[in-house]
Amino acid sequence: MKISVRGHLLYAYTGGKPFNPAQPTAVFIHGVLNDHSVWILQTRYLAHHGWNVLAIDLPGHCKSEGPPPHSVQEAANTVIALLDALKIEKAALIGHSLGSLIALEAAARDSEAHPGRVSHLMMVGTAYPMRVSPALLDLSVSAPFKAIDMVNRFSHSTLAPPPSALGPGTWLYGGSKALMRRVLASNTLVNVFHTGFKACDDYQGAEAAMPLVTCPTLFVLGSADQMTPPKSAQSLIDLCGKPTVVKLPAGHSLMTEAPEGVLQSFKDFLKP
């Protein structure tokens, strides 16, 4: 579905189900050079088990209009505006990598304006600070395909995902690189690769945001993650009022490398 948010149409994958205001809602936020499709198993499950699912393409990415967010704070404003536009009273915010920082910032901001609206916060493959090396930032502009290759070498610990994620025989590296190239090509005006990396690297608000989050928070971390190693999330875990930590045998792309583990952690965490 497409929703008018801040003057532009924002795309959200719903898991094949119409939006039902009577149900709780889960908003999924992707990371750099990804889109809604990285959540395919988790979103379809929740959509068929009593949840509204809104897996968004960030503005300026793929099916969503508008300028891509240049900061975590700007992206968080879009998430909050989405909740306002659909008059959502209860929402779980779920983010991966850059998306995890966006979800955190949105939950913190919304806790003051709408106490209790964000019912759960789930941060997958997160770290703080989420630094990006200067060399990789430069390559995202000067040689983006080379940078995509580097990111995929660092992001994956397996060659093929379990069948529940993308189907038997899928090549994880090749599929991920193809997705990233497609997302990069989706915006011919702005380099969303560099913009996303810069937003990660620039963000300095997590230490202030985390204590403002009053809802339960789940950290899903990959034990073999080289992009956001589990130890890099510890500062946020220490500042969190209600943390639950799950570590899975996977790299940075946990949703495809450990799809059942990620889904099970969500199911356990979202139980009433």
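Visitor: Is S97 buried or exposed?
Guide: S97 counts as buried, since its relative accessibility is 10%. Please keep in mind that this is a predicted model.

Visitor: Where is the place of S97?
Guide: S97 sits in the loop between β5 and α3. Its phi is positive, about 60°, although S97 is not a glycine.

Visitor: What about K87, which also is not a glycine: what is its phi?
Guide: K87 has a positive phi of about 55°. This residue belongs to the loop between α2 and β5. K87 is exposed, because its relative accessible area of 71% is over the 50% cut-off.

Visitor: Let us turn to β5. How many residues of this strand are buried?
Guide: Six of the six residues of β5, which covers residues 91–96, are buried, so the strand is largely enclosed by the rest of the structure.

Visitor: Which strands pair with β5?
Guide: Strand β3, residues 25–29, pairs with β5 in the parallel sense over five bridges. Within that pairing, T25 has A91 as its bridge partner. Strand β6, residues 118–124, also pairs with β5 in the parallel sense, over six bridges. There, G95 has M123 in β6 as its bridge partner. Between β5 and β6 the chain passes through helix α3, residues 98–113, and this β-α-β crossover is right-handed.

Visitor: How many residues of α3 are buried?
Guide: For α3, 13 of the 16 residues are buried, so the helix is largely enclosed by the rest of the structure.

Visitor: And how far apart are its end C-alpha atoms?
Guide: The end C-alpha atoms of α3 are 23 Å apart, which agrees with the 22 Å that its 16 residues should span at 1.5 Å a residue.

Visitor: What is the order of the strands in the sheet?
Guide: The open sheet has eight strands in the order β1-β2-β4-β3-β5-β6-β7-β8, with mixed pairing. At the edges stand β1 (2–5) and β8 (243–248); each has a single partner strand, so one side of each is left without a neighbour in the sheet. On average, neighbouring strands of this sheet are turned by 25° against each other, direction ignored.

Visitor: In which sense do β2 and β4 pair?
Guide: Strands β2 (residues 8–13) and β4 (residues 52–56) pair in the antiparallel sense, over two bridges. Opposite Y13 stands A55 in β4.

Visitor: Which strands does helix α2 lie across?
Guide: Helix α2, residues 72–85, lies across β1, β2, β3, β4 and β5, and runs at about 110° to β1.

Visitor: A change of topic: how many disulfides are there?
Guide: A search of the whole structure finds zero.

Visitor: Lastly, which peptide bond is cis?
Guide: The bond from Y128 to P129 is cis, with omega near -5°. P129 is found in the loop between β6 and α4 (134–142).

Methods: Residues are numbered from 1 along each chain as its sequence is written. This is a predicted model: local features need pLDDT of at least 70, side-chain atom pairs count only at pLDDT 80 or more; totals for chains, interfaces and linings use all residues. Side-chain values use heavy atoms; hydrogens and water are left out. A disulfide is a pair of cysteine sulfur atoms within 2.5 Å. Buried means under 20% relative accessible area, exposed over 50%, partly exposed in between (1.4 Å probe, protein chains only). Helices (H or I, at least four residues) and strands (E, at least two) are DSSP runs, numbered from the N terminus. Two strands pair if DSSP finds at least two bridges between them. A crossover is right-handed if, with the strands pointing away from the viewer, the path from the first strand over the helix to the second runs clockwise. The expected span of a helix is 1.5 Å times one less than its number of residues. Axes are lines fitted to C-alpha atoms, for helices over the stretch in contact, and angles run from 0 to 180 degrees between N-to-C directions. Contact means heavy atoms within 4.5 Å.
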